[in-house]
Structures are given as structure tokens and as C-alpha cells.
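Student: I am new to this structure. Could we go through some of its contacts by question and answer?

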Amino acid sequence: MTRSIRPLVAGNWKMNGLRAELAIAAEVAKGYAPELKNKVDLAICPPASLLFMTSAALIGTRIATGGQDCSIQEAGAFTGEISAAMLADAGASYAIVGHSERRTLHGETNAIVKEKAQASQKALLVPIVCVGETKDEREAGRALAIVRKQLRGSVPDGATAATLVIAYEPVWAIGTGLTPTPQDVAEMHEAIRAELGKLLGKSVAAGVRLLYGGSVKPSNAAELMNVAHVDGALVGGASLKAEDFLAIAKACA
Ligand code: PGA
């Protein structure tokens, strides 16, 4: 298909991966052939412990790396936290912020997610801001309203197409094998683009990459990636297998 926006396929390894798993990144790099490189951007977001080594292993491959979260603070007495500048220093280009697992397990509100996105931008990282409704919210017919509210609360002011990526990840689709219908994804992504238009201006919104995430795998990637306003994928489980991750990337090409 012809795309006006260069797609991005980002792998979110979550809390998976020891040094042995650097082999996955190496395998992805090996399979990132010129015809794919010409059409699709790739990023790998390993656990923080592997970020520096993954970034180093991927130098010269044009595969970016990213963190999975960052602190709202720049530095100081915040035990266990990692600043955006530290992620950048470890070679990252992106930071996933507001993933539903962070929102749910760590009580991250839209306001906190916005601060994290701003902290990322300050460190010259591109935040991948995650939004998405729960099963109950979808069943109550509130999915669009919830996601619009998340966008209004968590998208940093003044963001541009070069400094922001949005990932729509329905909470009920993450790690469950369930996915929304292409029609539902189309409706949501169109609504996201329209809301961003109100927040950032139409011409900026037109260029922001909108990723779909939640149980993306080789068998459903083509269907999901060919939906209008879907500019790539945020991939969890399937990103831990180089072959599957590459197959998903190919579905975007
Ligand atoms: P999944 O996770 O692909 O395993 O559903 C996606 C995500 O949480 O980013």
C-alpha cells in the first residue's frame, strides 16, 4: 500500500530479556533487509538493564531503541527511577509512556503521563504515548470518549509530528490474543487524528504516527496495518521472536 507516513514498528519487550536475548535484536538487524529499511522504521524497547547493550549492538543498523518508561524527574533522590536523559544516554531514541500496565499497576494518571512525555521530549526522546480503553469502557460504548480524554490529558503541548508518537492499545487486547475489528480500529484512529488536530493543529496531526498495539502477530498484522490512519504497531509478545517481529514489519511495508 502507499503510505503518506513512514510507519514505525516498535517492540515492547516488557520485563523480559537477559543478556542472552540480545541475540533477538541481532537477528532482527540481520533480517532488516534494504527493501524493508526503505519503507519501515523499527525500534526495540528492551528492559532498562539491556538498553545500553542493545543500543550498542544496533549501531549502524538504523534500528532505534527506546525505554519503556521514564521518571518525571530529571535527577536526584528517586530510588529505582530512570530519567529520560539516562535513557537517551544509553542510546535510546524513544520512550514508551503511559502504557496501560503503568497506568494500572502504578497508578499513572493522564497528568503524570503528560509530564513523562514532556520529560522525554526535553531529553530529545520521542515519547510513544499509549492510550486505550478497558473492556468495560468499550462495552459501555465509551471507548472513543475515554481515549479522547486520555489524549487531552496526556499529549504534551506544542508536540510536532517529529516529537510525538501515539499508540492506541485497547487494554483488553493486550496479551490476550483478542483484537478489535478493523472497523473499530479505523474509527478509533480517525478519532485520534481528529482529536490531535484540535490539540496540535490539523497539519501537525496529519503527520503524527498512530500505532496500533494489542495482540499484533504475523497472522493479523496485514489486516490491522492496512487500516487507514494506522502507521505501524507497538508489539509486545510477538516482538520477542525476531521472525514474528520482522513479519509484522513486513506487513507495514
Ligand atoms: P501484546 O502487548 O502485543 O503482547 O498484546 C502489546 C503492548 O502491551 O504493548
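Student: Which residues does Ser55 touch, not counting residues up to four places away in sequence?
Tutor: The model is predicted, with local features needing pLDDT of at least 70, side-chain atom pairs pLDDT 80 or more, and totals for chains, interfaces and linings using all residues. Residues are numbered from 1 along each chain as its sequence is written, and side-chain values use heavy atoms, leaving out hydrogens and water. Contact means heavy atoms within 4.5 Å. On that basis Ser55 touches Thr65, Ala90, Gly91 and Ala92.

Student: Which backbone oxygen does the side chain of Ser55 reach?
Tutor: A polar contact is a pair of N or O atoms within 3.5 Å; within protein, one must be able to donate a hydrogen and the other to accept it, and residues adjacent in sequence count only if both atoms are side-chain atoms. The Ser55 side chain has such a contact with the side chain of Thr65, at 2.9 Å. At 2.8 Å, the Ser55 side chain also reaches the backbone oxygen of Ala90.

Student: Is Ser55 buried or exposed?
Tutor: Buried means under 20% relative accessible area, exposed over 50%, and partly exposed in between (1.4 Å probe, protein chains only). Ser55 has a relative accessible area of 11%, so Ser55 is buried.

Student: In S8, what is the bridge partner of Gly213?
Tutor: Strands are DSSP runs of E with at least two residues, numbered from the N terminus, and two of them pair if DSSP finds at least two bridges between them. Strand S7 (residues 209-213) is joined to strand S8 (residues 232-235) by two bridges, running parallel. In S8, Gly213 is bridged to Leu234.

Technical notes
Helix = DSSP H or I, 4+ residues; strand = E, 2+ residues; numbered from the N terminus.
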